[in-house]
There are 2 protein chains.
Amino acid sequence: MITVPKGFRFAAARAGFKYKDRDDLGLILSDTPCACAGVFTRNRFKAAPVLQCREILAAGGPVRGVLVNAGQANACTGEEGLINCRVTLDLAGKAVGVEAVELLPASTGVIGPQLPMEKFRQALPDLVRGLDSGQPVQVAKAMMTTDKFPKLAWGRLRSETGEARILGMAKGAGMIAPDMATLLVFVVTDAEVEPGWWQTAVKRAADNSFNRITVDGDTSTNDTLLALAGGASGFCVDTAQEKDAFYEILEEVCQGLAYMVVEDAEGGTRVVRIQVGGAADDFEAELAARAVADSPLVKTAMFGRDPNWGRIVAAIGRSGADFDPDQVSLRIGGVSIFENGRPLPGDMDALLAPHMNRADITVDVILGSGSGASTVLASDLTHEYVSINADYRT
Amino acid sequence: MITVPKGFRFAAARAGFKYKDRDDLGLILSDTPCACAGVFTRNRFKAAPVLQCREILAAGGPVRGVLVNAGQANACTGEEGLINCRVTLDLAGKAVGVEAVELLPASTGVIGPQLPMEKFRQALPDLVRGLDSGQPVQVAKAMMTTDKFPKLAWGRLRSETGEARILGMAKGAGMIAPDMATLLVFVVTDAEVEPGWWQTAVKRAADNSFNRITVDGDTSTNDTLLALAGGASGFCVDTAQEKDAFYEILEEVCQGLAYMVVEDAEGGTRVVRIQVGGAADDFEAELAARAVADSPLVKTAMFGRDPNWGRIVAAIGRSGADFDPDQVSLRIGGVSIFENGRPLPGDMDALLAPHMNRADITVDVILGSGSGASTVLASDLTHEYVSINADYRT
């Protein structure tokens, strides 16, 4: 059962921006002013809602909600796109009784076209009415594009004085690469938090979850993570111990959502967990892990249920990571297949067959005897990925 | 008609390393000692023949030929692989009457297994007999793996005193990425060259051809370019003018082969030429060009004949290149589609449709007003790529 943080309402409606017969507009509204932390795409082309979010958060005022749409990314839309974005916030703010600058926008979909404003205007009354009875899952569904399922994760922190709840939702299945806040992710909590700590905690949780996944190595223009803390539970995250405990739950929620994004990768049939250890430092480990995670040859082999360690080794070799090839070892599904730079003898294909058929495969790479480590989650590369992305706009 | 440089003989034979009913062993033999230039993979895992080539070339002695096989890469095979490699050179050297250290080895195929030496021994007599009547195309075919056609390019330089011929051959269709000498490439010429200049010229030609292509961003453990100059024509490349003229032909031959590799990309249906200009410097231009060239989303759109400029723009935005988004312009097939950070109005899909159906598409990216430029050739990403690589070993 989803534990919904107190003081938040949710709604979705059909604007018909791109998709027919489904919701494509969502609203999250807090009854109380929230401390809000945000992490955004590092792509140089930033979508209008990303620019607008950054401006609002930089002003430092309280936040009351999030307005999200799917189907149009409102990216590369220039001044007109920015004005359209602000108008949607104006209209939505008036309709629910908050200031425009208290609402944060997010969009996902096709890059280029302007938002069809008339469709937005027509759908707004339905959206606002939906707040009375709306559920988080409706918003999670309304922001889906090529996603096959809505992604929600939640947790709670209990103490003698009360309980704080945290709920996250994410959309994303393609144009997904690490090294930034990835995709659209919204986290809400009824805890009361210190804003500076909250921003740090959210950034760190993003680094340990969304920035550790890859579907295709491509980075969206719209990636946005917003984390709203409304305080309606009366639970104040205050002491160092409370902060650690709350951070742990936040990270779990983010990692749960990040896993689901890879699980739902465009055309993906499995999650490949690449764990690199024994590196000189974490940075070297990450270089190696990402080279494996983004290698089309490794990803197609994973789709083909082929424990083709040669491709993993070749990817590590070109990763730029610093290591001695004669010290490298490799395990797939926990089974040693390559040690000290050489394949182990035996019918490895047969030994690995049961592991290769699982939906979640772990590849362990040991680069040497250092203490650097990094884990990246990757999807496989399949016919369906090609179909989805060759035909996306048509 | 292929112009074969004087003083070289060619042969191929069937060893059955992996493929049945086709040649998989090739030999190029020069009647005269050659100056030889080599460029090799930068992958940290270097195959035994790569290590052996580097050792031989470092010794600086003259070179008489190249021994190449397909089906087994002899990579990650340790000391045994290196010994096997040397034994093949010993046996082949004895059979044709040259020293083992005058022959350069090259292998391509599956990583891991040892070379089946008995198969090599059995095929060697046939290989040597083939030298009497063998043609270059037979060697080019014998080294194919997933290639659909053999790749040959040639040229000649004429002067009042004579004529020098140059002939190149390449194999490669997958595990292909820039930033190194890519694949197996052999160039032979009957010109006489100064060895130091030859190495510089070959390296530069590789940088301007094989290091400017990408199929899947993956870098092989076996990439090798060997360029043998035997001098049998009596034509000596001596003056600065002759060197420039000869370099130009060498580069043309290398670019011709590089184009064919992308044309023959695993599952590829077209060649995408990404030309980035207006960058602060060539390095920035290359960052942007490679991000576009390796983007799975751009590559699948190209397969889908979809002029999805949004994905091109998103790839540039995450490339790490330094530029002002409001100055970026884009042309596909020579048609302007995006100017100063914004899409142009009009039915661009209709306007671009004829260009999108061509086998060779040019994408021009103008980042700003700088003088930096770079061109990268890329393949598209297709169902067939996934099929080939999901099922390669089975």
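B:Asp360 is partly exposed, at 28% relative accessibility. Here buried means under 20% relative accessible area, exposed over 50%, and partly exposed in between (1.4 Å probe, protein chains only). B:Asp360 forms a salt bridge with B:Arg273, with the closest N and O atoms 3.8 Å apart. A salt bridge is a side-chain nitrogen of Lys or Arg within 4 Å of a carboxyl oxygen of Asp or Glu. B:Arg273 lies in strand S10 (residues 271–279) of chain B and B:Asp360 in strand S14 (residues 360–366) of chain B, so the pair ties together parts that are 87 residues apart in sequence. Helices (H or I, at least four residues) and strands (E, at least two) are DSSP runs, numbered from the N terminus. B:Arg273 also counts as partly exposed, at 25% relative accessibility.

The model is predicted: local features need pLDDT of at least 70, side-chain atom pairs count only at pLDDT 80 or more, and totals for chains, interfaces and linings use all residues. Residues are numbered from 1 along each chain as its sequence is written, chains are lettered from A and ligands numbered from 1 in the order in which they are written, and side-chain values use heavy atoms, with hydrogens and water left out.

Over all chains, the structure holds 36 salt bridges. One of them joins B:Arg156 to B:Glu163, with 3.0 Å between the closest N and O atoms. B:Arg156 is partly exposed, with a relative accessible area of 33%. In chain A, A:Arg14 pairs with A:Asp23 in a salt bridge, at 3.6 Å between the closest N and O atoms. A:Arg14 is exposed, its relative accessible area being 54%. A:Asp23 is partly exposed, at 22%. A network of salt bridges links A:Asp147, A:Lys148, A:Lys151 and A:Asp264.

The interface between the chains was examined next. In chain B, 57 residues are in contact with 57 residues of chain A. Contact means heavy atoms within 4.5 Å. The size of an interface is often given as the accessible area lost when the parts come together. The area buried between chain B and chain A is about 4500 Å². Carbon and sulfur atoms give 59% of this area. Buried area is the accessible area (1.4 Å probe) that two parts lose on being put together, summed over both.

Two salt bridges are found across the interface of chain B and chain A. The side chains of A:Arg44 and B:Asp322 meet in a salt bridge at 3.0 Å, N to O.

On the side of chain B that touches chain A, the elements giving two or more residues are helix H2 (78–96), helix H8 (296–303), helix H9 (309–318), strand S13 (342–343) and helix H11 (383–390) of chain B. H9(B) gives the largest share, nine residues. The residues on this side divide into 25 nonpolar, 19 polar and 13 charged. Ala, Val, Leu, Ile, Met, Phe, Trp, Tyr, Cys and Pro count as nonpolar, Asp, Glu, Lys and Arg as charged, and the others, Gly among them, as polar.

Chain B superposes on chain A by a rotation of 180° with 0.0 Å of shift along its axis (RMSD 0.0 Å). The two copies are thus related as by a two-fold rotation axis. The C-alpha of B:His383 is the nearest to the axis in chain B, 2.6 Å from it. Copies are superposed by least squares on the C-alpha atoms of residues with pLDDT of at least 70 in both. Of the interface residues of chain B, 100% are also interface residues in chain A, so the copies meet through the same surface.

Helix H9 (residues 309–318) of chain A is mostly covered, with nine of its ten residues buried. Among them are A:Trp309, A:Arg311 and A:Ile316. Just after H9(A), A:Gly320 takes a positive phi of about 90°. A:Ala291 is found in helix H7 (residues 282–294) of chain A. A:Ala291 counts as buried, at 10% relative accessibility. Beyond its neighbours within four places in sequence, A:Ala291 is in contact with A:Ala315, A:Arg318 and A:Ser319. A:Ala291 and A:Ile316 are 25 residues apart in sequence and 6.3 Å apart in space, C-alpha to C-alpha.
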